[in-house]
Amino acid sequence: MSGLRKFYRKTVQERWSTLYEKEILTEKQVEYLKDKTYAPEFGDSMIENYITDYTVPEGLSFHYLIDGREYLVPMVTEEPSVIAASSHGAGLVKKAGGFKTRIEQRLMIGQILLENCENYAEVCQRIEEKKAAILEVANKAHYSLVKRGGGARWLRCRQLADDLMSIDMAVDVQEAMGANMLNTMLEAAADYIHTKLDQNVLLSILSNYATECLAVAECSLPLSLLGKNGLTGEEIGRKIAQASRVAQLDPYRAATHNKGIMNGIDAVVMATGNDWRAIESGAHAFAARSGQYRGLSKWKVSADQLKGRIELPLPVGTVGGSIGILPLVKINQKILGIRNATELERVIACVGLSQNLAALYALISEGIQRGHMRLQAKSLAIAAGAKPDELFQVLNVMRKNEKNDLATAKAVVARIRRNR
Ligand code: MEV
């Protein structure tokens with residue numbers, strides 16, 4: 001855009017002035033940006049062309065009992081119903097004895113992609129012969145990881161087309177999500193494969209399809225706990241299981257089913273400074289692993305219990321990247337009380353399952369709109385200009401309305417002010 005050249009070279013103050021001088025923003029809007037700029041020293045060093053901090057609300061979700069331990073879960077989200085739903089689902093599971101989790105390993109996968117490799121079998125054999133040397137080159141590129149007990153663990157070859165193949169490398173990245181470490185190690189190994197094995201490397205990069213970093217969470221609820229609004233626990237359990245079946249059969253429903261799961265997962269991933277795009281892409285790739293996109297969780301009724309299970313890749317970390325930079329992340333780790341990245345994976349998997357339980361429970365009983373609307377009324381009231389000391393009264397009136405939107409919220413605020 002004209003007039004904004006070398007924007008990246010300017011200081012934050014100069015960028016604000018430019019936005020005003022070029023009439024992109026008014027003085028009042030620039031003042032707003034300044035007011036919302038909490039940590040320019042972090043922001044400006046983390047991203048290009050930084051102008052302010054975009055804040056998203058953070059709240060706490062309660063009632064998580066996981067493998068016998070209680071957790072308070074910080075969640076970052078802009079969606080009004082997410083935290084309430086998460087606590088509701090976790091509360092039900094807690095009454096039934098809590099979640100059980102399972103994590104077998106925590107390895108990240110990287111790819112070295114080769115092109116013009118029509119002689120796949122031959123290349124595979126050479127990679128196999130030189131496996132130890134390739135792993136050593138990768139490990140030398142990040143020796144501090146090896147000293148901490150991590151490092152490259154194995155290689156495998158996969159043919160992708162007549163002329164394309166992937167050499168997958170699995171790396172134990174210890175407590176980090178490990179993207180930078182992995183990429184450094186892959187590039188070193190790719191260089192070796194190019195120069196010593198004479199192969200054409202197309203590119204090398206980690207894979208977000210973290211199939212060697214899977215987390216499983218399960219719960220089992222007595223049907224007697226589930227009865228609500230004239231529906232018996234048996235009926236609710238049966239309908240939740242049916243809804244789960246539909247998410248296995250129909251990608252249209254599966255996408256929404258999984259969106260509900262990711263409502264919870266992303267909120268914790270964000271609160272803990274992890275890369276939610278990486279978790280999203282891995283989760284959706286995993287959901288499509290059978291060749292059809294399906295729900296990440298499954299519910300079934302067995303004897304007098306509703307049993308739920310979720311499994312997904314959760315390559316999150318507790319150190320590295322922005323985790324070490326953002327002060328809130330440290331505070332959130334403290335609130336969570338997690339001792340390592342594996343424990344964080346366990347909590348996140350349970351949040352996904354709990355979020356899903358609450359969504360399905362609402363959908364098959366009272367429907368989602370009633371609860372959503374109750375919570376959205378607050379956002380609408382604030383958007384309609386209600387001041388904190390007016391909110392209680394405004395919400396009381398809105399609660400009685402059949403339907404609320406911004407116009408009705410504005411009308412309620414205006415009426416209350418007139419009657420004061
Ligand atoms: C809304 O954000 C999430 C739900 O649509 C999830 C679902 O349908 O399972 C309620």
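User: Why is H88 called partly exposed?

Analyst: The relative accessible area of H88 is 34%. Buried means under 20% relative accessible area, exposed means over 50%, and partly exposed lies in between, with a 1.4 Å probe and protein chains only. The value for H88 therefore falls in the partly exposed range. This is a predicted model, in which local features need pLDDT of at least 70 and side-chain atom pairs count only at pLDDT 80 or more, while totals for chains, interfaces and linings use all residues. Residues are numbered from 1 along each chain as its sequence is written, and side-chain values use heavy atoms, with hydrogens and water left out.

User: Where does H88 lie, and which residues is H88 in contact with, leaving aside its neighbours within four places in sequence?

Analyst: H88 belongs to helix 4; helices (H or I, at least four residues) and strands (E, at least two) are DSSP runs, numbered from the N terminus. Apart from neighbours within four places in sequence, H88 touches A358 and Y361, where contact means heavy atoms within 4.5 Å. The C-alpha atoms of H88 and A358 are separated by 6.3 Å, although the two residues are 270 apart along the chain.

User: What makes H257 count as buried or exposed?

Analyst: H257 has a relative accessible area of 2%. Because this is under the 20% limit, H257 is buried. The residue sits in helix 10 (residues 251-271). Beyond its neighbours within four places in sequence, its contacts are S244, A247, G295, L296, S297, N356 and L360.

User: Why is the pair of Y64 and F99 called stacked?

Analyst: Rings of Phe, Tyr and Trp (its six-membered ring) pair if their centres lie within 6.5 Å; planes under 30 degrees apart count as stacked, over 60 as edge-to-face and the rest as tilted. By this rule the count is 1 aromatic pair. The ring centres of Y64 and F99 are 5.9 Å apart and the planes meet at 15°, so the pair is stacked. It links distant parts of the chain, with Y64 in strand 1 (residues 58-66) and F99 in the loop between helix 4 (82-95) and strand 3 (100-103), 35 residues apart.

User: How do you know whether Y64 and F99 are buried or exposed?

Analyst: Y64 has a relative accessible area of 0% and is therefore buried. F99, at 1% relative accessibility, also counts as buried.

User: How do you know that the length of helix 8 agrees with its number of residues?

Analyst: The expected span of a helix is 1.5 Å times one less than its number of residues. For the 17 residues of helix 8 this gives 24 Å, and the end C-alpha atoms are 24 Å apart, so the two agree. Among the buried residues of helix 8 are M181, L182 and N183.

User: What makes a space a cavity, and which residues line the largest cavity?

Analyst: On a 1 Å grid over the protein atoms alone, a cavity is a set of points where a 1.4 Å probe fits but cannot get out, and a pocket is an open set with protein on both sides within 12 Å along at least five of seven lines; lining residues have an atom within 4 Å of a point. The search of the whole structure finds 1 cavity of 30 Å³ or more. The lining of the largest cavity consists of M108, M177, L206, S207, N208, A210 and P315.

Technical notes: Points joined across faces, edges and corners; volume = space filled by probe spheres on them.
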